[in-house]
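Please keep the sequence and the structure in view while reading.

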Amino acid sequence: PRTREFMGRTGSSWGLILLFYVVFYAFLTGLFSLTMWVMLQTIDEYTPKYTDRLSNPGMMIRPNSDTLDVVYNMSDSHSWNGSVTTLNQFLFNYTDSMQVERNTFCPTGKYYIQPNSGDVRNYPKRACQFNRTSLGPCSGNVNGTSTNYGYPDGTPCVLIKLNRVINFLPMPLMNNQTFVTVNCSESVKSGSTSDLVSHYYPNAGNSAGAGIIDLMYYPYYGWRAQPNYTQPIVAVQFNVTRNKDYSIQCSIYAQNIQYDDRDKFAGRVSFKLRVNQ
């Protein structure tokens with residue numbers, strides 16, 4: 001009390017220490033804020049700065065599971081009801097009326113490029129319609145009648161989708177083509193033949209040939225720039241022998257999509273199909 005000290009320091013000494021730390025932390029806060037502001041000036045809110053590691057888009061199927069197996073029993077609706085529900089949910093945004101309301105009817109056969117006008121950004125960008133009815137019997141509904149995607153009949157539909165990569169332009173194998181193709185095949189032992197029967201929707205006029213993805217659905221500009229974009233898909237309806245395992249690989253064919261043994265999902269996807277009876 002006589003020296004007016006607390007823990008060996010006077011009130012003025014404590015005041016100077018407090019002032020020092022207030023100024024010190026205020027400086028650090030200002031420096032951090034300035035650094036963040038400078039960094040944010042280099043970032044485009046619509047397009048990632050670096051996308052070079054995604055040169056090959058991946059492929060995936062619907063319905064999907066952790067093991068990528070499509071296995072069910074025709075006579076047991078509980079074994080395939082989940083797949084039908086998954087497909088219904090996935091295709092909800094592809095309903096024709098919703099596509100007409102949200103998206104644009106585009107000319108087929110060419111990229112739908114929407115450039116900016118100088119410094120004026122062309123946002124939001126329009127997206128081309130992909131109508132659910134183009135999936136034929138794999139749309140889940142034909143002439144007002146539910147098909148359950150062929151699961152109770154032993155002819156299940158599997159949807160193939162190419163993952164989104166911003167500004168990616170798939171190049172057809174032939175210069176006069178206006179689409180890239182998707183094809184599925186069974187992996188069989190040497191000397192054996194496959195009895196797998198596949199029908200593709202949409203197609204180039206022959207459902208047994210290959211599925212197609214029109215160029216008008218590219219490029220994709222990103223979720224913020226193109227919020228109504230619905231990625232194109234190919235539906236494959238399989239007709240298989242009952243109680244038999246099929247190892248299937250579906251691939252997309254384009255000049256600028258390369259297959260890498262280190263990544264089994266780069267431009268292709270493999271899964272097992274089995275229909276029990």
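The strands named in this report are DSSP runs of type E with at least two residues, and they are numbered from the N terminus. The model is predicted, and every value below should be read with that in mind.

## Cis peptide bonds

Arg62 and Pro63 are joined by a cis peptide bond whose omega is about 0°, and Pro63 belongs to the loop that runs between strand S3 (59–62) and strand S4 (69–73). Another cis bond leads from Tyr218 to Pro219, with omega near 5°, and Pro219 sits in the loop between strand S10 (211–214) and S11.

## Positive phi angles

Which value does phi take in Tyr149? The angle is near 60°, which is positive although Tyr149 is a residue other than glycine. Tyr149 is placed in the loop between strand S6 (145–146) and strand S7 (157–162), and because its relative accessible area is 1%, Tyr149 counts as buried.

Asn243 likewise is not a glycine and has a positive phi, of about 60°. The loop that holds Asn243 lies between S11 and strand S12 (246–253). With a relative accessible area of 39%, Asn243 is partly exposed, since that class covers values between the 20% limit for buried and the 50% limit for exposed.

## Aromatic pairs

How many aromatic pairs does a search of the whole structure find? The search finds 10 of them. In one of these pairs, the ring centres of Phe24 and Tyr25 are 5.3 Å apart and the planes meet at 70°, so the pair is edge-to-face, given that planes over 60 degrees apart are counted in that way. Phe24 is partly exposed, at 34% relative accessibility, and Tyr25 is also partly exposed, with a relative accessible area of 48%. An edge-to-face arrangement is also found for the aromatic pair of Phe238 and Phe271, with 6.1 Å from centre to centre and 65° between the planes. This pair links distant parts of the chain, since Phe238 lies in strand S11 (residues 233–239) and Phe271 in strand S13 (residues 268–276), 33 residues apart. Phe238 is buried, with a relative accessible area of 1%, and Phe271 is buried as well, with 4%.

## Enclosed cavities

Rolling a probe the size of a water molecule over the atoms shows where empty space is left. The whole structure contains 2 cavities of 30 Å³ or more. The largest cavity holds about 50 Å³ of space, and its lining consists of Leu162, Asn163, Arg164, Val165, Phe168, Tyr218, Tyr220, Tyr229 and Gln231. By class, these lining residues divide into 6 nonpolar, 2 polar and 1 charged.

The second largest cavity has about 40 Å³ of space, and its lining includes Tyr112, Arg126, Cys128, Met216, Tyr218, Pro219 and Tyr229. Its lining comprises 8 nonpolar, 2 polar and 1 charged residues.

## Open pockets

The largest pocket has a volume of about 240 Å³, and among the residues that line this pocket are Phe105, Cys106, Gln129, Phe130, Asp214, Met216 and Tyr217. The lining of the largest pocket is made up of 7 nonpolar, 4 polar and 1 charged residues.

For the second largest pocket the volume is about 170 Å³, and its lining includes Phe90, Tyr94, Arg102, Arg164, Pro227, Tyr229 and Gln231. By class, this lining has 4 nonpolar, 6 polar and 2 charged residues.

Notes. Residues numbered from 1 in each chain as written. Predicted model: local features only at pLDDT ≥ 70, side-chain atom pairs only at ≥ 80, totals over all residues. Heavy atoms only, no water. 1 Å grid on protein atoms, 1.4 Å probe; cavity = no way out; pocket = protein on both sides within 12 Å on 5 of 7 lines; lining within 4 Å. Points joined across faces, edges and corners; volume = space filled by probe spheres on them. Nonpolar A, V, L, I, M, F, W, Y, C, P; charged D, E, K, R; others polar. Phe/Tyr/Trp six-rings, centres within 6.5 Å; stacked < 30°, edge-to-face > 60°. Buried < 20%, exposed > 50% of the residue type's maximum accessible area, 1.4 Å probe, protein only. Helix = DSSP H or I, 4+ residues; strand = E, 2+ residues; numbered from the N terminus.
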